[in-house]
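This report covers one interface, a few loop residues and the salt bridges of the structure shown below. Each topic has its own heading.

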Amino acid sequence: MALPLDVLEKSVNRRLSLLLKDGRTMEGRLSGFDEYMNLVLEDVEETKDDTKRRVGTIILRGNNVVSISLL
Amino acid sequence: MALPLDVLEKSVNRRLSLLLKDGRTMEGRLSGFDEYMNLVLEDVEETKDDTKRRVGTIILRGNNVVSISLL
Amino acid sequence: MALPLDVLEKSVNRRLSLLLKDGRTMEGRLSGFDEYMNLVLEDVEETKDDTKRRVGTIILRGNNVVSISLL
Amino acid sequence: MALPLDVLEKSVNRRLSLLLKDGRTMEGRLSGFDEYMNLVLEDVEETKDDTKRRVGTIILRGNNVVSISLL
Amino acid sequence: MALPLDVLEKSVNRRLSLLLKDGRTMEGRLSGFDEYMNLVLEDVEETKDDTKRRVGTIILRGNNVVSISLL
Amino acid sequence: MALPLDVLEKSVNRRLSLLLKDGRTMEGRLSGFDEYMNLVLEDVEETKDDTKRRVGTIILRGNNVVSISLL
Amino acid sequence: MALPLDVLEKSVNRRLSLLLKDGRTMEGRLSGFDEYMNLVLEDVEETKDDTKRRVGTIILRGNNVVSISLL
């Protein structure tokens, strides 16, 4: 069985797309995470209401994350 | 008695439909889960406001899940 | 005194009606539950905005449940 | 000092009125409760937007309860 | 330093005004509380949208309380 | 490194401005706090939608506090 | 792997931009944090609806933080 945190661990250094609770999406390379699914992403592009902006390195609180897609 | 996590365990590799708190639904094959009902789904089709899109492999935070239907 | 989980235990295999936080109701036979009031229901009929649909077996996260009525 | 759970314990078999987070009120006889203030009520009358309906025995999740009035 | 629970303890039998998350206010005499700031108030007057009503003895869940003013 | 609770401790008896989740601000002298960032403020002036009122001594639940500014 | 709290630790004394749940952003120098991602920022500039204001030293509750960008 694929445990969620194991899947995250295998995704380190790969690109992910996150959906946040406020509808924002973040696409970036996973640099690290912890047991609460707080995430560190690098080379991040944020999309909100069809507007994109680059935000470099970002720490995301796990409790704002709805879903994590492996790219 | 059918414990919720036991029912999930028996559903590994089967297709599920999830309803999320924001009204989105996700249909995919259950690849794994943990005690918080964080889920790993594969071959996922997401539906939002009658728009469908394929999202491959996805990790879902349990606290955004309203219900899980066995297909 | 009737403890909530004891009342649930006596309701296994009986039909229940659930009210969820998003206003949806679910009527089905209780197949199981856990200490967080996550529930497994079978033969479920979901009602939302006067639209009914059958959803078979469903796992419901306890933190989305407002109330559970014994039928 | 009157501890909240002690006040609830003395209210078993008495009628209460509950206010829920969604504005709904429930009036019924307290049959039991647990440490999370999950409650079991019997002979319940629910009021929502001036519409009343009888719902028999009900289990209420404590985290949806705003206040409990002793009648 | 005045710890919040110590201030509450000194306020037992005194009148308080509570602001709840839904904008409602409750004014009453503090009869007791617990470590979660669940409160028991007596001789309560509730105000909502400029409408007042008396509600006698009430148990309030701490997680719905925004602030407690000493009168 | 300045730990958040250490910064609060050094702020006892100083004036603070709090922003609450509902947009309200409270300005007052910090009288005490606990590990959950529940706060006791004295000589409080509350501002909501440009309306100010004095509220004396107040206990604030930490989970309604967005930010605390040192004045 | 870059753990979120380790990334924060390396960011002490550097400037960060925070996005809060209510859409507000805060830009300032990280002075400290704790395990809940409560943060202490100095020389803060807050932006809300295109209005900026300086707020000096601020303590932010971690559960209101959506994301932290390293500048």
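The model is predicted.

## Interface of chain C and chain B

The contact set holds 19 residues on chain C and 18 residues on chain B. About 1500 Å² is buried between the two chains, and carbon and sulfur atoms give 63% of that area. Three residues, Ile59(C), Arg61(C) and Asn64(C), supply 42% of what chain C buries against chain B, more than any other three residues. For polar interactions, the rule finds seven residue pairs in polar contact across this interface, with both residues at pLDDT 80 or more.

On the side of chain C that touches chain B, at least two residues come from each of β2 (25-33), β3 (39-48) and β4 (51-60) of chain C. The largest share is that of β4(C), with five residues. By residue class, this side of chain C divides into 10 nonpolar, five polar and four charged residues. Strand pairing also links the two chains: β5 of chain B, residues 65-70, pairs with β4(C) in the antiparallel sense over three bridges.

## Asn64(A)

In chain A, Asn64(A) belongs to the loop between β4 (51-60) and β5 (65-70). Is this residue buried or exposed? Asn64(A) counts as buried because its relative accessibility is 3%, below the 20% cut-off.

The side chain of Asn64(A) has polar partners in two chains. Within chain A, a polar contact of 3.4 Å joins the side chains of Asn64(A) and Asn63(A). In chain G, the backbone oxygen of Val65(G) is reached by the side chain of Asn64(A) at 3.0 Å. Leaving out residues up to four places away in sequence, Asn64(A) touches Leu19(A), Leu20(A) and Lys21(A), and also Lys21(G), Val65(G) and Val66(G).

## Residues with positive phi

Most residues other than glycine have a negative phi. Asp49(A) has a positive phi, near 50 degrees, and is a residue other than glycine. Its place is the loop between β3 (39-48) and β4 of chain A. Asp49(A) is exposed because its relative accessibility is 68%, over the 50% cut-off.

A second case is Asn13(F), also a residue other than glycine, with a positive phi near 75 degrees. Asn13(F) lies between α1 (4-10) and β1 (15-20) of chain F, in the loop that joins them. With a relative accessibility of 53%, Asn13(F) counts as exposed.

## Salt bridges

Side chains of opposite charge can pair when their charged atoms come close. Over all chains, a search of the whole structure finds 49 salt bridges. In chain A, Glu45(A) and Arg54(A) form a salt bridge in which the closest N and O atoms are 3.9 Å apart. Glu45(A) is partly exposed at 23% relative accessibility, whereas Arg54(A) is exposed at 56%. In chain B, Glu45(B) forms a salt bridge with Lys52(B), with 4.0 Å between the closest N and O atoms. There, Glu45(B) counts as partly exposed at 24% relative accessibility, and Lys52(B) is exposed, with a relative accessible area of 53%.

Which residue of chain G meets Arg53(G) in a salt bridge? The partner is Glu46(G), at 3.1 Å from N to O. Arg53(G) is partly exposed at 47% relative accessibility. Glu46(G) is buried because its relative accessible area is 4%, and the cut-off for buried is under 20%. In chain A, salt bridges that share partners join Asp22(A), Arg24(A), Glu46(A) and Arg53(A) into one network.

Note on methods
Residues are numbered from 1 along each chain as its sequence is written. Chains are lettered from A and ligands numbered from 1 in the order in which they are written. This is a predicted model: local features need pLDDT of at least 70, side-chain atom pairs count only at pLDDT 80 or more; totals for chains, interfaces and linings use all residues. Side-chain values use heavy atoms; hydrogens and water are left out. Contact means heavy atoms within 4.5 Å. Buried area is the accessible area (1.4 Å probe) that two parts lose on being put together, summed over both. A polar contact is a pair of N or O atoms within 3.5 Å; within protein, one must be able to donate a hydrogen and the other to accept it, and residues adjacent in sequence count only if both atoms are side-chain atoms. Helices (H or I, at least four residues) and strands (E, at least two) are DSSP runs, numbered from the N terminus. Ala, Val, Leu, Ile, Met, Phe, Trp, Tyr, Cys and Pro count as nonpolar, Asp, Glu, Lys and Arg as charged, and the others, Gly among them, as polar. Two strands pair if DSSP finds at least two bridges between them. Buried means under 20% relative accessible area, exposed over 50%, partly exposed in between (1.4 Å probe, protein chains only). A salt bridge is a side-chain nitrogen of Lys or Arg within 4 Å of a carboxyl oxygen of Asp or Glu.
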